[in-house]
Amino acid sequence: MNLLFDLRVLSLLLALVAGFELFPILLALYLGENPMPLVQAFLVAAAAVLSGLFFSRKARSELNPRDGFLIASLGWFLASFFGGLPYYFHGGLDLPSAFFETASGFTTTGSSTMTDIEAWPQCILLWRSFTQWLGGMGMLLMAIAILPFLGVGGTQLMKAEVPGPTKDRMTPRLVHTARALWGVYTLITVIGMIGFMFCGMTWLEAVNHAFTAIATGGFSVKNMSIGFYAPFAQWWAIVIMALGGMNFLVHYRVIVFRDWKAFTYEELIGYGVIIFTFTAFIVAVLLRWNPLWDLEEVLRHSLFQVVSIMTTTGFASTDWEQWPAITQLLLGLLMVIGGMSGSTGGGIKVVRVLVLLKTIPSVTARLLQPNQVVVSKMDHQPIPREILENAVALFLLAMGYVLFGGMLLNAMGMDLLSAMGASLTAWANVGPGFNTVGAMDNFAHVPDFGKIIMASMMIVGRLEIFTILMLFSSKFWKD
Amino acid sequence: MNFSLNIRILAVVSAILVLFKLPALALAWHMNEPVAPFTYAVILCLGVSATGFLTRRAGLEMQARDGVLAVILGWAVMIFMGALPYYFSGQMRWVDAVFESASGFTTTGSSILTDVEALPQSLLFWRSTTQWIGGMGILLLAVAILPFLGVGGAQIMKAEMPGPRKDKLAPRMAATAQLMWGIYVGLTVLCGLAYYLSGMSGLDAVHHAFTTIAIGGFSTKNASLAAYPSSVQWTAMFFMIVAGINFVMHYRLIVTRDVSVFRDEEIVWYLLLMLVAGTFCTLIAHSSTADNTLEPALRHGFFQAISLVTNTGFANVDWEVWPLYVQLLLMTIAIPGAMAGSTTGGLKMVRAVILFKVLGVVLNRLLTPERVMLVKFNGKKVPRDILDGVMAMAFAMALALLGATIFLVAVGMDVPSAYSAALTATINVGPGIGWVGPMDNFSAVPDPGKYLLVALMVFGRLEVFTVLILLLPHFWKPERILVSAGSPLRKRS
């Protein structure tokens, strides 16, 4: 392991975070708000960066897989800590809450500890949305894109940060892949922003919501979330969230190469089928439950919630906590599934669900024909064993992790349903949970220790568990 | 498919059930309780058996699919025939009778009875008997006592016996089945004697010996084992552990005095899980005011841990008063279940261990992608098909669990109760949380929910695939098409 170089990469990562704090500072100056909290946070981060760079000035630039995992784990925790300082310096959030808020931002979770969002200054809220936008595509990936020398060990970093069982590279050189991903991401963000402005938002609101929708984050600048805006804005949000939950490889192939075959990916079809099925079911339930809504309203609210939860965004167009229990349970199931691999969403990812589902019939068939080897396929290719094992491992880990987290929160005094909801929503990076942490509630009342645990769960979930779990294996530390 | 042989097997199953109903009938007669429920049931069973005569010329050929079909149909017949005495007694509605019967034969131990003690002794005896029969499997019994079934015995054993390790004890299937049943009967007798000596009445000792060795969990008391002195409870703990051990190991230990069985990885994890869970539960029990001395805390803590790890479902304390997260933890440690080749439910410990090893392999592969990682068990490489089977089974069970939870919530249960009811049925434990806690019962579950739980119990008892296979389209197609199916890659091993 090359600890000195790891320190250097971490410092640069932090420099990136600090650099992005300049944008909200500019906004504060423009709007005439008090920029001091942000400036203070910037200075603290800058000091940390400089000292880090100073101590690591003699580092050799070389990375092996372990370094990648170490950098990703530490980097996300550090960024969450330093990114939370503006809230702390502004007053109103204590350190655990500030850490929670930023972790929730960078991991694109969207759970909030702010009780009255609209009371906060615009510059802080922009920073809050910014954290989600940065975290959505991945801070390390951005570092790879703009810092060429990181290309050396970039594969290791990408492996540790990009979600999904396979890490396809779109271009032979990693730097180009990272740039392409960030380019597509930025493009869709701009389109989203323009769309929101047409739907009646101010430019600032449009920027905030475009950031958090494409990142499938879910922070809003309104207490009522997207429900505050006209139906038109809600439909547009559905589109942007759905795009954020798709594999960016698909976007890239369609936008750059006009390659329409990208739409035949089995994972994409699965993604569409799941959204359609769950929406249809929820529409059927809601039509009977609330006769006051007309068809458009039922359809909009069902589809909005399904897309918002499945892509793990966490926006709400209405208070779905009031909905029948069965619909909430279905939404909970969607949290587990999550978006596509290579998207900005969380969960176990559609591709893994498909791989697991396909294994069942092939194993069952073997009972009848013990000598026959039935290979399950995806996109006309046999599914490699590594992928299957990866899917099973992540599924089991996630279930165990959510159960354990829920028990821990329950032991700290939350009721079981809220605790399980909080644990699930933190791991899957969704945002809202159930009961006391539901769609229109917030996490301010969670005990301090619980906040730290949830923030860690978000990071663990964002890095797909393995990355962090690795640090606890004895082999990791042996050379 | 050889349908006439299948019908013949069903006739045999029915006939065996008649034999097992006779003791309950005798007991009813002896205690001056109504004998009508049993006589009616026996007559109906005999009627079904008579169809066996129609198939005198059945071919003895048996394929894998026949084994599967025989087991599925056998279990359906068993559950319906077993429900008859409850139904004819007028004490239960049909759906409840089927639930109670399924819960018995699958050794789950969930009950819809609000007051167990109000039931006639003869009916209670039948209830315990169902668990005892179901524990080892009635079809295995058929293999053991009917030589003509030995032909396709391997198929039946594969479909009915739990666990990925199907060690044969003897070269011939019938001999293996006989040995298994022999050990089973021997353990039951020992357990009954031990209960009797530690202070149970003779009849209760028989009841509880049946349900302990079958890892079932039915009791004749409303308070389950809490109704008996502590000596009985310690005896129960010992025999639950014994019953959760692979019967092949019992054989090797008793007959060949082979102590190396204790070096088996599965048994080590099995004992370790109970030790850890027991210690934790002891601490929890100790912190509650009633048990703040050592002996009750140890007894209550370890009893619950053992009862849940082995999937028995007895209780000697109302653990619903424990914190909710502990209850959830108890439900979670029941998922692996006891060892394969025992009468337990759940995933089986060996599968859980293999899954954890897959986890390790996946992690290691991330660190050193170029190395080939193998999953090893007891020092030997786990074959691919077993590995795939284990992974698919875990996921299929999780899916069934999720689907069932959603269904139960839809019919009106609250989420924790629905989840725990679905879980307890799938892994054949017995008690759950909330509505269906250890001192509650399943009578409040809506009727459609009860039928679903019955299906889940059988699904879990037959280990998923035996049931899932019926959903495969080519299960129902003639042989030729199956082999020439073009799409899947075929390799002859």
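Two residues are in contact if their C-beta atoms, placed from the backbone, lie within 7 Å. This is a predicted model, in which local features need pLDDT of at least 70, side-chain atom pairs count only at pLDDT 80 or more, and totals for chains, interfaces and linings use all residues. Residues are numbered from 1 along each chain as its sequence is written, and chains are lettered from A in the order in which they are written.

Q: Which element gives the largest share of the side of chain A that touches chain B?
A: The contact draws 45 residues from chain A and 45 residues from chain B. Helices here are DSSP runs (H or I, at least four residues), numbered from the N terminus. Elements giving two or more residues to the chain A side include α4 (65-83), α17 (350-368) and α18 (385-411). The largest share, 14 residues, is that of α18(A).

Q: Is Leu396(A) buried, exposed or partly exposed?
A: Leu396(A) lies in helix α18 of chain A, and, beyond four places in sequence, is in contact with Leu355(B), Leu359(B) and Ala394(B). A residue is buried if 20 or more other C-beta atoms lie within 10 Å of its own, and exposed if 12 or fewer. Because Leu396(A) has 19 C-beta neighbours inside 10 Å, the residue counts as partly exposed.
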